[in-house]
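Hi,

Here is the structure I said I'd pass along. Have a look at it first, and then read on for my notes.

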Amino acid sequence: MVAATGLIAGASILAPLGAHAATDDHGGAARNTTDKTAAIRESIIDGPAKNVILLIGDGMGDSEITVARNYAEGAAGAFAGIDALPLTGQYTTYALNKDGTPNYASESASTASGWSTGTKTNNGALSVDIAGTPQSTLLELAKANGLRTGNVSTAEIQDATPGAQVAHISARGCYGPVKTTANCASEALENGGLGSISEQLLTLRPDVVLGGGSATFNERAAAGDWAGQTLFEQATDRGYQLVNDAAGLASVAAADQSAPVLGLFTPGNFPTRWIGPDAIVGGADLAPVSCTANPARLDTGLSLASLTDKAIDLLSADSEQGFFLQVEGASIDKRDHAADACGQIGETVDLDEAVQSALAFAKADGNTLVVVTADHAHTSQIVGSTPPGLSVALTTEEGSPMLVSYGTAEAGESQQHTGSQVRIAGYGPGAANVLGLTDQTDLFFTSSNALALNTDLRSLSAAATLTLDKAAVTPGADFTATGAGLAANWRATSEVSTAASVDPLGVADVIDGQAVFTGTAPTAPGRYTVTLTGAQTGVSASATLTVAAAGVTPAPTVDPPAGAVSGAGPTKTVAAGVASAIGGVLAATGAQVGPLVGAAALLLAAGGVFLAVRRRRNGLLQP
């Protein structure tokens with residue numbers, strides 16, 4: 001692989017010209033004074049990449065970038081991160097209506113789903129197609145392919161952009177069990193669904209999750225292994241490292257599948273970096289103002305740049321594993337909705353600092369693809385005179401007034417997204433694929449191809465095996481069953497069966513491809529089949545357990561089911577039948593949720609006690 005040798009948009013190419021350029025400097029207008037052919041040629045690097053970092057400015061259309069650049073850097077200036085990526089294109093962001101026709105004004109859920117899965121969907125839906133079928137996400141695929149994964153946002157971590165990487169649900173607002181029961185009933189755990197966005201996140205188990213949204217984790221699960229417990233209690237039970245402030249995050253030395261990090265630093269969204277007056281009717285006629293620091297802003301150790309640095313440090317700690325990381329600057333969009341120019345500008349500056357962090361890592365690493373883009377365009381515009389709608393006058397870095405207009409809603413209402421194409425820019429292996437005009441869904445393929453991901457999840461667990469610590473036990477004795485090779489499953493069920501009966505062993509989280517079950521042997525002598533089934537792919541594996549009194553070999557009472565060997569696929573048992581029904585959920589991009597998913601929830605609930613016992617024995621629970 002050819003390593004990246006540097007950023008072409010360095011000081012010699014995109015350095016800000018003087019804020020007040022001399023007349024003999026062409027009025028400060030020239031940005032491209034040297035030939036860049038060689039530099040562009042050098043920046044085109046073949047893949048694969050070891051790592052991918054996607055940085056998303058929510059609502060960061062070209063106009064929002066220009067507003068922020070003019071204010072913070074001057075008209076002749078440039079952002080050191082956002083404007084420094086050498087390969088730049090534009091992509092379209094339209095969504096679909098439920099009937100498959102184009103929806104030209106998309107929103108954050110459908111757009112995030114587009115690059116997360118490569119499949120367009122309807123507004124409001126997360127990582128399902130217009131028929132409601134779950135689509136595998138980049139984060140899921142990266143994890144299944146053995147990469148580390150991270151998800152960082154200044155929004156609630158259940159919000160549309162971060163939520164699209166970890167959940168499959170029809171309505172983006174179903175953050176926790178309460179709203180899911182009320183508004184997404186068929187998808188709630190108690191009705192056999194995949195559960196709320198927060199519950200799906202906990203099950204997927206990304207290595208690093210950092211953002212807001214702690215309020216939802218105080219809700220209690222309505223069903224499943226942790227019914228009646230808060231999502232925080234569930235996270236602790238499942239081995240997560242929970243942090244809620246900068247000091248706690250700084251103390252985290254490692255993050256992996258055994259001890260993933262869940263950092264939730266605010267009940268809702270992060271407070272913005274800057275504050276200032278909202279746009280009003282006639283606002284551009286008032287004296288220009290400057291933005292001021294927000295006294296409510298979080299500790300600088302929790303800025304988007306510092307969170308990005310921490311996530312990269314944790315994810316890159318294992319030099320053998322690559323990683324996938326998504327970072328979102330969320331409130332460019334949220335403050336644009338509120339006609340708050342200073343808020344959206346400050347959040348753009350925040351994102352730029354995070355991009356600088358990602359580029360610094362990528363430049364030193366040489367094997368990292370960095371992509372910076374937006375989910376959709378927004379409403380703010382730079383205008384030359386006072387418009388009939390909302391406006392505000394700001395004093396820029398150059399000391400000049402800049403009029404910003406918001407014209408898609410009345411005062412006090414939410415400004416609308418716009419359907420314009422938006423910028424996409426890249427650096428590193430595979431970045432040439434962002435050039436020209438592409439669609440949002442192409443970013444999925446740019447990223448997955450750069451990482452050389454196998455997108456057939458079922459095949460990644462096809463070699464699953466099941467081993468027993470004791471092939472023969474006395475009646476009622478304890479035994480342990482260990483499943484391995486389950487890379488594309490986040491959970492697994494297990495059961496002990498004969499031709500006449502089936503007894504569930506329980507359910508376990510899959511950690512680094514392994515799931516461990518501790519059970520009690522039947523009291524009746526005989527030969528039994530122990531079966532493990534991956535909950536996401538339906539792949540199963542079996543082993544034979546012999547139960548007999550000491551020194552006695554029982555007569556055969558059951559033969560292992562035909563084909564019940566490593567990676568053989570679902571067997572004809574209750575647990576395997578359930579897994580077969582839900583096995584297509586994430587088997588590949590475009591797989592389906594089966595009609596018997598409700599039965600899976602019953603098995604999961606039945607296994608909670610066994611899982612807790614196993615974890616206490618392994619020291620994963622505090623006494």
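Predicted model: local features only at pLDDT ≥ 70, side-chain atom pairs only at ≥ 80, totals over all residues.

Below is what turned up, region by region.

**The ten-stranded sheet**

I'd start with the open sheet, which has 10 strands in the order β7-β8-β6-β5-β12-β1-β13-β17-β2-β18, with mixed pairing. The edges are β7 (241–243) and β18 (436–439); each has a single partner strand, so one side of each has no neighbour in the sheet. On average, and ignoring direction, neighbouring strands are turned by 15 degrees against each other.

- β1 (residues 51–57) and β12 (residues 323–329) run parallel and are joined by 7 bridges. Asn-51 sits opposite Phe-323 of β12.
- β6 and β8 pair in the parallel sense over 4 bridges, with Gly-211 opposite Leu-264 in β8.
- β7 and β8 run parallel as well, joined by 3 bridges. Here Gln-241 has Val-261 of β8 as its bridge partner.

Strand β8 is covered on both faces. Val-261 and Gly-263 are on one side, Leu-262 and Leu-264 are on the other, and all of them are buried.

**Helix α11, between sheet and helix contacts**

Helix α11 packs on that sheet, where it touches β1, β5 (148–156), β6 (208–212), β8 (261–264) and β12. The direction of α11 makes about 170 degrees with that of β12.

α11 (residues 304–315) also packs with helix α13 (residues 341–365), at an angle of about 25 degrees and with the axes 7 Å apart. Angles under 35 degrees count as roughly parallel, and α11 and α13 are therefore roughly parallel to each other. Their crossing is right-handed. From α11, the contact uses Leu-304, Ala-305, Thr-308, Asp-309 and Ile-312. From α13, it uses Asp-350, Leu-351, Glu-353, Ala-354, Ser-357, Ala-358 and Phe-361. By type, the residues of this contact are 7 nonpolar, 2 polar and 3 charged.

Strand β21 (residues 478–484) pairs in the antiparallel sense with β19 (residues 465–468) over 4 bridges, and Thr-467 has Thr-482 in β21 as its bridge partner. β21 also pairs in the antiparallel sense with β24 (residues 515–520), over 6 bridges. In that pairing, Thr-480 stands opposite Thr-518 of β24.

Which residues make up the covered face of β21, and which the uncovered one? Phe-479, Ala-481 and Gly-483 are on the covered face, whereas Asp-478, Thr-480, Thr-482 and Ala-484 are on the uncovered one. For background, side chains in a regular strand alternate between the two faces of the sheet.

**Helix α8 and the residue after it**

Helix α8 (residues 197–204) is mostly covered, with 8 of its 8 residues buried.

α8 is followed by Arg-205, whose phi is positive, near 70 degrees, although Arg-205 is not a glycine. Arg-205 lies in the loop between α8 and β6. Is Arg-205 buried or exposed? With a relative accessible area of 2%, Arg-205 is buried.

**Other spots to check**

- Ser-127 has a positive phi too, about 50 degrees, and is not a glycine. Ser-127 is in the loop between α4 (108–117) and α5 (138–144). At 0% relative accessibility, Ser-127 counts as buried.
- The peptide bond from Gly-47 to Pro-48 is cis, with omega near 5 degrees. Pro-48 lies in the loop between α2 (37–43) and β1.
- Gln-90 is in strand β2 (residues 87–92). The cut-off for buried is under 20% relative accessible area, so Gln-90 counts as buried at 19%. Leaving out residues up to four places away in sequence, Gln-90 touches Asp-62, Gln-421, Val-422, Arg-423, Ile-424, Val-434, Gly-436, Leu-437 and Thr-438.

Cheers

Notes. Residues numbered from 1 in each chain as written. Heavy atoms only, no water. Axes fitted to C-alpha atoms, helices over the stretch in contact; angles between N-to-C directions. Helix = DSSP H or I, 4+ residues; strand = E, 2+ residues; numbered from the N terminus. Parallel < 35°, antiparallel > 145°, perpendicular 65-115°, else oblique. Left-handed = near helix turned anticlockwise from the far one by under 90°. Contact = heavy atoms within 4.5 Å. Nonpolar A, V, L, I, M, F, W, Y, C, P; charged D, E, K, R; others polar. Pairing = 2+ DSSP bridges. Buried < 20%, exposed > 50% of the residue type's maximum accessible area, 1.4 Å probe, protein only.
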